[in-house]
Amino acid sequence: MRNRLWTAASITSVTLILGSLGGHASAQSQQSKARELLGQYCYSCHSQKVKAGGLVLERVDPDHVAGGAAVWEKVVRKLHSGMMPPPGLPQPPKASRDGLVTNLETSLDKAAAEAPNPGRVETFHRLNRTEYQNAVRDLLDLDIDAASMLPVDDVSHGFDNMAGLRISTVLMERYITAARKISRLAVGDMKTTPAEDEFRVSSELRQDERFADMPFGTRGGAIYRYTFPLDAEYAIQIKLSGAQTADKHELELSIDGERVKLFQVGARADAKTSAASKNAPPSASMPPPARPVKDVDAADDAQPEKGYSIRLPVKAGPHDVMAVFLAKTEAVPETTRKLQLRPAHNAGGLQYEPYVASLMVGGPYKATGPGDTPSRRRIFSCHPGAGLSEGTCAKQILTTLVRRAYRRPATPEDLQQLLKFYDLGRSSGDFDAGIEMSLRMILANPNFIVRIERDPAGAKAGTNYKIGNLELASRLSFFLWSSIPDDRLLDLATSGKLSDPVVQTAEVRRMLVDPKAEALVRNLRHSGFTCEIWSRFYPMRNCSRILTTTFAMRSAPRPKCSSAHHAG
């Protein structure tokens, strides 16, 4: 019985040994075939002596592709495309070529898995204008135009989000100026002096028909999202361009979809109008407008450049200000009709009707208070009173702001520094003034405008290591959102759960569903395809539509994903 058991065990062992030897022999056979194939078809040109294309294959060993991975990647691409050996020279059999490619790809993938190289990012990464604008939006619930506050970013390989630490004295001054404007607008500074902001409409736009974002029954016009700094009175002026006309046009000014004024353009009575025109039957007259006409002004149509203005009270916060013409019927009346006096020549062609040229908002005048704005609700998580002192409330507000702005928990040193600025602002104003001064310091602080990734203590040069949870949160948010992490992402990072692959996957899916993820596609589309550069020369060309048509059949670029590892 023992002899039988021993014999069975011996047979099993011998079978395993022979199988392993057979596998080893098979691997050696493949490597031998690879060297033989390369020697027969490649070494004659890519030898130490000839060096065709600057490539020497005799120096690299196909048995150890990890030592020359970059070279073998080129070889695989050339073999895949059939470019090597060149046409006209002896070609290896297709089966031999495919076997060599498979062998090299398998070896390269194995080597990459054993020694991953995640690459390295800049230790200091300054936020570009898009990231700064989005960060302010998510931090303060306030929309700003960073392009009007900060200079154009450097572009590398078509992308403007690869900025390292390039902060000159002049640029730092611009950041400080921007921080002052943003903090005063967000808090609602009662010392804000009246100013005028003008929004011009491109002359290349044809305003003969309704724009896609405008209400039905209108033509042309413009709509702008404007943040009114205080509860106060504001002067709104509309300037026109285009043809001088004797026809009647109705120009509507509305705020958040509610009409505040209806101007009458080109409707000045003509003393020389014929009696037939005056006595025309009602059926031959122009039909009444669809909307009820109220608060109508008859303005001088001979000088439209003077504009049509109104002064009215507006609550603080963001509002949609729209100036648009009411559409007219295209039917021609049967009465004697005075046609357009003179068409206007513009970049968009001949204009036979008046167009909206610009919209200007001036103010605030007679301010009554900072109002209840989204930015104030975002900033003031508490208010002093009812047993809560100003100092305690200020510390609570600043702790929350620092955590979001600096992308990490606030330290005692952070709060100590900011409370000094709070005291400085409070000494010359009220509680809001102290918070505004501290917020100004946060927005100009390097911890906000620069992303810093520090190597862990004891990390050796050239070695891989896992980045921290907070750094990972910033990488994910700025890659997918071009903005700061939200509270949920920071909570997971602070608790150490974000490094869990399951949690990472769930968070990435959540972030991709969020509307802020449009920034990823927009950045690739505009930066990757140089739309930003095109727009400098052709501001009215629809770059997105052109690229959608031109590159529809091409494969989209595959961006390098944020990695939880970092090369030292």
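Is Asp-256 buried, exposed or partly exposed? The residue is partly exposed, with a relative accessible area of 37%. Select Asp-256 in this predicted model; it lies in the loop between strand E5 (249-255) and strand E6 (258-265). Its phi is positive, about 55°, although Asp-256 is not a glycine. Most residues other than glycine have a negative phi, and most peptide bonds are trans.

**The whole chain**

Of the 568 residues, 36% are buried. The chain exposes about 32600 Å², of which carbon and sulfur atoms supply 55%. Among contacts between residues at least 6 apart in sequence, 75% join residues at least 24 apart.

Then colour by pLDDT. The mean over the chain is 77, and 72% of the residues reach 70 or more. Select residues 1-27, where pLDDT stays under 50 and the model has zero contacts beyond four places in sequence. Residues 537-568 also stay under 50, yet the model gives them 59 contacts beyond four places in sequence.

**Helix H10**

Select residues 431-443, which form helix H10. At 1.5 Å a residue its 13 residues should span 18 Å, and the end C-alpha atoms are 19 Å apart, which agrees. Of these 13 residues, 11 are buried, so the helix is largely enclosed by the rest of the structure. The buried residues include Phe-431, Asp-432, Glu-436, Met-437 and Leu-443.

In soluble globular proteins, nonpolar side chains tend to be buried together.

Which residues does Leu-443 touch, not counting those up to four places away in sequence? They are Tyr-132, Leu-139, Leu-140, Ala-179, Ile-182, Ser-183, Phe-448 and Ile-449.

Move to Asp-138 in helix H4. With a relative accessible area of 15%, Asp-138 is buried. Leaving aside neighbours within four places in sequence, Asp-138 is in contact with Arg-378, Ser-483, Ile-484 and Lys-516.

Now select Asp-141, in the loop between H4 and H5. Asp-141 is not a glycine, but its phi is positive, near 55°. At 44% relative accessibility, Asp-141 counts as partly exposed.

**The cysteines**

Select Cys-382 and Cys-393 together. The structure holds one disulfide, and it joins this pair, Cys-382 to Cys-393, with an S to S distance of 2.2 Å. Cys-382 is in the loop between H7 and H8, while Cys-393 is in helix H8, 11 residues apart. The torsion about the S-S bond of Cys-382 and Cys-393 is about 120°, so the disulfide is right-handed. Both cysteines, Cys-382 and Cys-393, are buried.

Cys-42 counts as buried at 16% relative accessibility, whereas Cys-45 is partly exposed, with a relative accessible area of 29%.

**Two cis peptide bonds**

Finish with the backbone at two prolines. Select Met-84 and Pro-85, which are joined by a cis peptide bond with omega about -10°. Pro-85 is placed in the loop between helix H2 (69-81) and helix H3 (94-114). Then select Gly-363 and Pro-364, also joined by a cis peptide bond, with omega about 5°. Pro-364 is found in strand E12 (residues 354-369).

Terms used
Residues are numbered from 1 along each chain as its sequence is written. This is a predicted model: local features need pLDDT of at least 70, side-chain atom pairs count only at pLDDT 80 or more; totals for chains, interfaces and linings use all residues. Side-chain values use heavy atoms; hydrogens and water are left out. Buried means under 20% relative accessible area, exposed over 50%, partly exposed in between (1.4 Å probe, protein chains only). Contact means heavy atoms within 4.5 Å. Accessible areas come from the Shrake-Rupley method with a 1.4 Å probe; for residues, only the protein chains shown count as cover. Helices (H or I, at least four residues) and strands (E, at least two) are DSSP runs, numbered from the N terminus. The expected span of a helix is 1.5 Å times one less than its number of residues. pLDDT is the predictor's confidence in each residue, from 0 to 100. A disulfide is a pair of cysteine sulfur atoms within 2.5 Å.
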